[in-house]
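Opening the notebook on this one.

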Amino acid sequence: EPISEQEIDAAKNAVKKTTEAVEASNNEEQYYSESIELEWNEDRAKAWHKMQPPSKPSISELNIYEKYFREKINECSSPSVLILGSTVEFRQLAFSLGFNVTVVDYSSTYHDSISKDLGDHKDEILRKEKFICCDWTKILSNEKLEEESFDIIIGDLAIGNVIYKNIGSFFAIFSKLLKKGGYFLGKSIYTYTDYRTDKTKI
């Protein structure tokens, strides 16, 4: 089912509000916190299941990630994964393979709404998961998480949702949370800066 005109308008309005917040704020971190609540909302979650890769994990990507998950299953009896964001596909994969799952998301509104797409095992997945609502770069100060407590940390397009000046601390935090030999999995999309106007570079 294609994305409706109403959903497209809702997404445009969210971007407009985010842009207005940027212009009105001189504090990058304050703006970023406010924009998360404006943009990552119920409308965004409703449109998510209609989006196509690379905006969400593809089947081929999930097959690659599954190999790393299965490797950890063979190494320990009770593997654990930290998922950055509420990505449904990662949560379903981790549940199907018996991982202990912790989900950390900036927006509880988005998390609650996108969780409706978890499928037939939704109730069991939600019951077994631990959910943390906070800025990823502040997770250690907000939560009592032990260092070296996760076999895998995974996030789809996660780095692109981190303020540039915080990227160093982002990796420092999650390197502490990974067990020795653990994996940080994810992807980022890179384009030419003028790709929107120069179709030869798309």
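Before anything else, I note the cut-off I need: a residue counts as buried when its relative accessible area is under 20%, and as exposed when that area is over 50%. I also keep in mind that this is a predicted model.

**Entry 1: Arg 91 and its partner.** What does Arg 91 pair with? Its salt-bridge partner is Glu 129, with the closest N and O atoms 2.8 Å apart. This pair ties together distant parts of the chain: Arg 91 belongs to helix H5, while Glu 129 sits in the loop between helix H7 (122-128) and strand S3 (130-133), 38 residues apart. Is Glu 129 buried or exposed? At a relative accessible area of 12%, I have Glu 129 down as buried.

**Entry 2: H4 against H5.** Next I checked how H5 sits against helix H4. I describe two packed helices by the angle between their axes and the distance between the axes. Here helix H4 (residues 59-75) and helix H5 (residues 88-96) pack at about 40°, and their axes are 11 Å apart. The crossing of H4 past H5 is right-handed. From H4, I find Leu 62, Tyr 65, Glu 66 and Phe 69 meeting Glu 89, Phe 90, Leu 93 and Ala 94 of H5. Sorting the residues of this contact gave me six nonpolar, two charged and no polar.

Entry 3: I then found a salt bridge between Lys 72 and Glu 75, at 3.0 Å, N to O. These two are three residues apart in H4, so about one helical turn separates them. Lys 72 is buried, at 3%.

**Entry 4: the wider count.** Searching the whole structure, I get nine salt bridges. I also see Glu 61, Asp 156 and Lys 187 linked in a salt-bridge network.

**Entry 5: the buried side of H9.** Last, I went through helix H9 (residues 167-177) and found Phe 170, Ile 173, Phe 174 and Leu 177 buried. Why do I put them on the same side of H9? Because they cover an arc of only 85° around the axis. What do the buried residues of H9 pack against? I list strand S1 (80-84), helix H8 (139-142), strand S4 (150-156) and strand S5 (178-187).

Key. Residues are numbered from 1 along each chain as its sequence is written. This is a predicted model: local features need pLDDT of at least 70, side-chain atom pairs count only at pLDDT 80 or more; totals for chains, interfaces and linings use all residues. Side-chain values use heavy atoms; hydrogens and water are left out. Buried means under 20% relative accessible area, exposed over 50%, partly exposed in between (1.4 Å probe, protein chains only). Helices (H or I, at least four residues) and strands (E, at least two) are DSSP runs, numbered from the N terminus. The arc is that of the directions from the helix axis to the C-beta atoms. Contact means heavy atoms within 4.5 Å. Axes are lines fitted to C-alpha atoms, for helices over the stretch in contact, and angles run from 0 to 180 degrees between N-to-C directions. A crossing is left-handed if the near helix is turned anticlockwise from the far one by less than a right angle, and right-handed if clockwise. Ala, Val, Leu, Ile, Met, Phe, Trp, Tyr, Cys and Pro count as nonpolar, Asp, Glu, Lys and Arg as charged, and the others, Gly among them, as polar. A salt bridge is a side-chain nitrogen of Lys or Arg within 4 Å of a carboxyl oxygen of Asp or Glu.
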